Amino acid sequence: MDQSQISEFLRELDSALGGSEAKLAKQGHAGLIAAAKDGVITITGLPGLAMGELVSIEAVSAAGLVLNLEQDTAQALLLTGATEVREGMTVTATGKTLSMPVGEEFIGRIVDGLGVPLDGKGKIKAEGFNPHERVAPGVITREPVTQPVQTGILAIDALIPVGRGQRELIIGDRQTGKTTVALDAIINQKGQEMICIYVSIGQRESRLAQIARELRDRGAMDYTIIVSAPASSSAGMQFIVPYGAVALAEYFCAKGKDVLVVYDDLSKHAVAYREMSLLLGRPPGREAYPGDVFYLHSRLLERAVRLNKENGGGSITALPIIETQAGDISAYIPTNVISITDGQLFLEIGLFNKGVRPAINVGNSVSRVGGAAQTKLMKKVAGSVKLDLAQYYELEAFSQFASELDPATQQVLRRGRVLIETLKQKNGQPYELWQEAVLLYAGKNGYLDEIVPTEVGGRLREMLAVIAKKDHKLIELINKHKELTPEVETAIKSAVEMALKA
């Protein structure tokens, strides 16, 4: 962000708050920079500063965030203009806490953690400001999670469902498809009345451009906002960006809308906070993280909510992403975030290398909301699939050492292989509800048991193409009822048999 943009941001924020704080500042509420090093300034002469207050260095149009208060001094983290700030410069107290401009015009745009556009498409008209930091809604204002977020990913919708208002962690090593899973979930929200916010923390700008292009090409930017702090930005900007994103989400949630927020990724967010804390002189703890790093993510993810009707009925669903090292989910940051969320999707490098996409380890993945977040149709059709897969993985290891297997064991292994092939899915190709129901019904009920496993995927794709072409009545029936009534089950059965014979 350049100097003119930060100046404009501060003027807009001052105007939105009536300008009274700035007037007070001009009446003598100014201090001096006693020290400036590595993006942190030490301020003297401003005893009335508050924690989290914004300060302005007007000489270079820079802004800082107060994060340490001591007896005679305060320390602030520079959000912008770190290279121009010098000792002896004047600092002005603004009286304002960090706030994010919000409004409908943000949909389809790429902005930073202060709401400043990064896509070169011009200024965004804000309808107000929401604070970056806000106490999460209380229990009385919430409602149980009962409505699904249809991700279009069969393995998730069938086995580890995500509900509106839930916090579901996506965790795994690098290059296992974590971002792909999140982007597919965003792409599948087209036409489902869900606003999506993709938060990019510490990523390369080329990678962000690739993601934005993919979302634009799939028509997802029509309902998506990208909030970014690239790797080249300061630790302070990377620290505030997820809070700015959830402030935007709360604007839409307050209007009764459903919002899906993807935090990619909170590992880099924790590293930025560690860097920031060490620069501020806070004592390091385990793995050099400060002791309050748990609070860093808990106060962010607790703002995911499903509000009751008296409070507007909106929801914020959070999909935080965490990167593990060599599959170690017992490390400090992964265990912290696991304990804050309502379940996790664990992507395993071993499955990824075997060609399983998405590489979700069903045994280590869990949703604490579970079937409550599924449609009645999906709950019934998915039924025993997770148990069948668990039995398969158990017997697969055992069968490698057995020379002869009884027919029952062979059948479990055969069915397990079919289900694994059924759950495989190509990137960027989310399924509709009727497709998921038909695939699961065919895989679970033995229609593909006699087919060579490597041919199962091809046969299933052919089956879906035949049904889409010839059986519009089944599709309408499933989309209407979303429940496995005898009529729907009979229609699915006859459609599967017809398509596989074709």
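# Exercises on a predicted model

The buried residues of helix α4 are Lys 178, Thr 179, Val 181, Ala 182, Leu 183, Asp 184, Ala 185, Ile 186 and Ile 187. The model is a predicted one.

**Exercise 1.** State how many of the residues of helix α4 are buried, and what follows for the helix.

*Solution.* Step 1: α4 covers residues 178-187, which makes 10 residues. Step 2: nine of the 10 are buried. Step 3: α4 is therefore largely enclosed by the rest of the structure.

**Exercise 2.** Describe how helix α6 and helix α7 are placed relative to each other.

*Solution.* Step 1: locate the helices; α6 runs over residues 235-254 and α7 over residues 266-279. Step 2: their axes come within 8 Å and cross at roughly 135 degrees. Step 3: because of this angle, α6 is oblique to α7. Step 4: the crossing in which α6 passes α7 is left-handed. Step 5: list the residues that meet. From α6 these are Ala 235, Gly 236, Gln 238, Phe 239, Pro 242 and Tyr 243. From α7 they are Lys 268, His 269, Ala 272, Tyr 273, Glu 275 and Met 276.

**Exercise 3.** Find the aromatic pairs of the structure, and classify the pair of Tyr 251 and Phe 252.

*Solution.* Step 1: the structure holds six aromatic pairs. Step 2: in the pair of Tyr 251 and Phe 252, the ring centres are 5.0 Å apart and the planes are at 75 degrees. Step 3: planes over 60 degrees apart count as edge-to-face, so this pair is edge-to-face. Step 4: both Tyr 251 and Phe 252 are buried. Step 5: ring pairs also join Phe 239, Tyr 243 and Tyr 273 into a cluster.

**Exercise 4.** Which rings have Arg 299 and Arg 357 over them?

*Solution.* Step 1: Arg 299 lies over the face of Tyr 295, 4.8 Å from the ring centre. Step 2: Arg 357 has its charged end over the ring of Phe 352, at 3.7 Å from the centre.

**Exercise 5.** Is Ile 43 buried or exposed, and what is in contact with Ile 43?

*Solution.* Step 1: Ile 43 belongs to strand β2, residues 40-44. Step 2: its relative accessible area is 2%. Buried means under 20%, so Ile 43 is buried. Step 3: neighbours within four places in sequence are left aside; the contacts of Ile 43 are then Leu 32, Leu 49, Val 55, Asp 72, Thr 73, Ala 74, Ala 76 and Val 91. Step 4: take Val 55, which is 12 residues from Ile 43 along the chain; the C-alpha atoms of the two are separated by 9.9 Å.

Technical notes: Residues are numbered from 1 along each chain as its sequence is written. This is a predicted model: local features need pLDDT of at least 70, side-chain atom pairs count only at pLDDT 80 or more; totals for chains, interfaces and linings use all residues. Side-chain values use heavy atoms; hydrogens and water are left out. Rings of Phe, Tyr and Trp (its six-membered ring) pair if their centres lie within 6.5 Å; planes under 30 degrees apart count as stacked, over 60 as edge-to-face and the rest as tilted. Buried means under 20% relative accessible area, exposed over 50%, partly exposed in between (1.4 Å probe, protein chains only). A charge sits over a ring if NZ of Lys or CZ of Arg is within 6 Å of the ring centre and within 35 degrees of the ring normal. Helices (H or I, at least four residues) and strands (E, at least two) are DSSP runs, numbered from the N terminus. Axes are lines fitted to C-alpha atoms, for helices over the stretch in contact, and angles run from 0 to 180 degrees between N-to-C directions. Angles under 35 degrees count as roughly parallel, over 145 as roughly antiparallel, 65 to 115 as roughly perpendicular and the rest as oblique. A crossing is left-handed if the near helix is turned anticlockwise from the far one by less than a right angle, and right-handed if clockwise. Contact means heavy atoms within 4.5 Å.
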